[in-house]
Amino acid sequence: MTAPGTGTGIGTGKDGGKGEDTSGGNGNGNGNGNGNGNGNGNGALRVAVIGGGPGGLYAAALLKRLDPAREITVWERGAPDDTFGFGVVLSDETLGSVEHSDPVVHRALRAACVRWDAIDIVHRGHTLTCGGHGFAALARRRMLEILAERCASLGVRLHLRTEAPPAAELAATHDLVIAADGVHSLTRAAHADAFGPAVTTHRCRYIWLAADFALDAFRFETAETRYGVMQLHGYPYAPDASTVIVEMREEVWRAAGFDAPDPRASVDRCAAIFAGALGGRPLRSRASSGSPASPWTAFRTVVNDRWSHGNTVLIGDAAHTAHFSIGSGTKLAVEDALALAACIEERPDLPAALAAYESERRPVVESTQRAAAASLRWFEELAAYTAQPPHRFAFGLLTRSRRVTHDNLRLRDPGFTRAVEKDFGCPPGTPPMFTPLRLRELTLRNRVVVSPMDMYSATDGVPGDFHLVHLGARALGGAGLVMTEMVCVSPEGRITPGCTGLYTREQSEGWRRVTDFVHRRSPGTAIGVQLGHAGRKGSTRLMWDGMDEPLPGGNWPLYAASPLPYRPGVGQIPHQLDRRQLDTVREQFAAAARRAQRSGFDLLELHCAHGYLLSGFLSPLTNLRTDAYGGTLERRLRFPLEVFDAVRADWPAERPMTVRISAADWAPGGTTPDEAVEIARAFAAHGADAIDVSTGQVVADERPEFGRSYQTPFADLIRNTLSLPVIAVGAISSWDDVNSLILAGRTDLCALGRPHLHDPNWTLHAAAAQGYEGQAAPWPTPYRAGSRPPPAGRTDAPKARLTLR
């Protein structure tokens, strides 16, 4: 792509030849700073790069290589060897992309890299090694030298030790401004109204150090000190050097005295704490020699609503950051540079190129940030995992980001994975998902749950043929536990007119028909009922007629913890429940529990999530009461616990009872993870056998962090903080995810919704895919002939025997 202009010129092509350029600049070079001019007379772009890190330098080199006529200038305020950190890790994928785009840089990087494939995990005196991972790393300083040399050889102007002019000034005199000025980007700050940045500072402090010897592998090691848990992340980046990062929670850091202004003392203490990993060798820090600045920092996650503004574009840490524990910072910056250069080359003008760049990169970056966030949270909550057996701890660490899975590790290191399975208690040939779980007197034959899913297909709350076929099919499909949709405890507790209930005898008899079928035709499958009350989210249309839209007529009055509509200006304003009404609702739940017993359900779940009535009491966003049922978390818990106690008293003692909660509201001022732990603790103290850990749907303006298994970290936190069984939910879609979550101890059961809508026989097919034929997933006798997929096409075609050249 060349800068749009009004003249015609002869430009130099990327292959070194010349070609006619009819979209070149007009020779006057007087553009408006928005990518609509500033040609240099021959149609080539004038590019300013702010920041001489890997992303900025590589973007400059690529753009110059693609069109040598471009005028490209890089400003870097630091010296060539003035770089934070020590070593950087590059994936084979990133190196492969570099190889295709610039073989010269690729050869130099490969020559400078050290490689290894093992990860050592050291915990409580045990060292466990998992191989087959494949890493490449080099000194960050050497990488910058390689990129700077490449820029210089191509004719890029480098201004080192020079502060760049403000981006706005550069935008007025250049066609393109690339802001690669890092996590503390001045460009982003100066144009915050355009980029829409959000910066989140996290709960751990860390220090970036180096050791003058090469570790044998990527090493993770924990130290349980009297101040709290500390961790070491280390890896070699040269034949005689390693990066060492020491990290700990803020409160541990302060208790240990690391906040004292003595950098050298911090470095020496870290070396002493992890003397075993270092073999007694010292550590060094850039800030340890006479520098008054603390070498400790807290990680900041950067996101932006937009990555470009006019002709200025953000790349690398200026646009986004991902926690160092998944080693993606440099990778993302280099890949940003590649994508930006490619889009500029492919698109007809700069606005289209910048839009294409963001469209291409944003999904990749957001996926990486989700993985990094999961990894970051695991290390923030490290103290909750230290009591785990060594193999489970190691497996949990390796799979913390959800990018490495059970099946993936079986390919990388079968011996390590078999040892983890053996310690978990998997019989030979039995995947983790097909091990049993006991809750009170109920034994679930496997760990798969058909998640509650509202079907909106009842008449007057009575489950009919649809529910019999829907739930019966999924029971035949092999799941250990099949859950009903939310079954409402009163007519005014319904979400829609199509919701099922348990407030009449006819409804109870309808449910008995379903449970009888499940127990008779799919013996060994348990069926559970979820009891709930819609609260302020009731009296709405069927989902497919307008989700959360009020009924066009015949609306019933709504009740809630506080008189706040779910959708202001759209939904009804609910009545705040008074003392008499609270008692009535409590008795409605208890009466529904008695009917559920007569209906033959094996398990009962109390729905305290998703903004329905009981959830409305728990969240500070929806409970504004000033009486005994509002204010502190203890008071907000009071009514849900009263309901739980009433239900538990009328539910048979031998049958388990679970509670579904929203562990996060995904909105400012909502339920925090620490509060979610306390909510779970309270229900467990009152007799809950497991917590079904969901999130969100409490307020209409929520902003969930959607992604694969995105809710499981909350289940993980509750389970490992309280040693309490949990059910994980939320975009769990593969049997590999189920095995990974269970084996890591992040959950005890996995509830899947949409996968069971797609395939009622999801569990049976998961067993077949893994070659499992045990009693945890038996095919119904009439279906056994279909337990293997039929041939998809002709298989008797003759094979090629000879190839002539």
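A salt bridge here is a side-chain nitrogen of Lys or Arg within 4 Å of a carboxyl oxygen of Asp or Glu. The model is predicted, so local features need pLDDT of at least 70 and side-chain atom pairs count only at pLDDT 80 or more, while totals for chains, interfaces and linings use all residues. Residues are numbered from 1 along each chain as its sequence is written, and side-chain values use heavy atoms, with hydrogens and water left out.

View 1. Five residues of domain 1 are in contact with seven of domain 2, contact being heavy atoms within 4.5 Å. The two domains bury about 420 Å² between them, 40% of it on carbon and sulfur atoms; buried area is the accessible area (1.4 Å probe) that two parts lose on being put together, summed over both. On the domain 1 side, Arg203, Arg370 and Arg377 lose the most area to domain 2, together 76% of what that side buries. The rule finds two salt bridges across this interface. Arg203 forms a salt bridge with Asp674, with 3.7 Å between the closest N and O atoms.

**View 2. The largest nonpolar core.** A nonpolar core is a set of buried Ala, Val, Leu, Ile, Met, Phe, Trp, Tyr and Cys residues joined through side-chain atoms within 4.5 Å. Buried means under 20% relative accessible area, exposed over 50%, and partly exposed in between (1.4 Å probe, protein chains only). The largest core has 120 residues, of which Leu531, Phe683 and Ile718 touch the most other members. Helix H21 (residues 633-650) gives the most to this core, with seven residues; helices (H or I, at least four residues) and strands (E, at least two) are DSSP runs, numbered from the N terminus. Domain 1 and domain 2 each supply at least three residues to this core. A second, separate core of 55 residues includes Ala179, Leu332, Leu338 and Leu350.

**View 3. Surroundings of Ile718 and Ser723.** Leaving aside residues up to four places away in sequence, Ile718 touches Ile661, Ala676, Val677, Ala680, Val693, Ser723, Leu724 and Val726. Ser723 lies in the loop between helix H23 (712-722) and strand E29 (726-728). Ser723 is exposed, at a relative accessible area of 69%.

View 4. Side chains of opposite charge can pair when their charged atoms come close. Lys331 forms a salt bridge with Glu335, the closest N and O atoms being 2.7 Å apart. Because Lys331 and Glu335 are four residues apart in helix H11 (residues 329-346), about one helical turn separates them. Lys331 and Glu335 are both buried. Arg361 and Asp336 also meet in a salt bridge (2.7 Å, N to O). That pair links distant parts of the chain, with Arg361 in helix H12 (residues 350-380) and Asp336 in helix H11, 25 residues apart. Arg361 and Asp336 are buried. Salt bridges that share partners join Glu93, Lys331, Glu335, Asp336 and Arg361 into one network.

View 5. Glu145 pairs with Arg142 in a salt bridge, the closest N and O atoms being 3.3 Å apart. Both residues lie in helix H4 (residues 140-154), three residues apart, about one turn of the helix. Glu145 is partly exposed at 35% relative accessibility, and Arg142 is partly exposed at 31%.

Methods
Domain bounds come from an automatic or database domain assignment.
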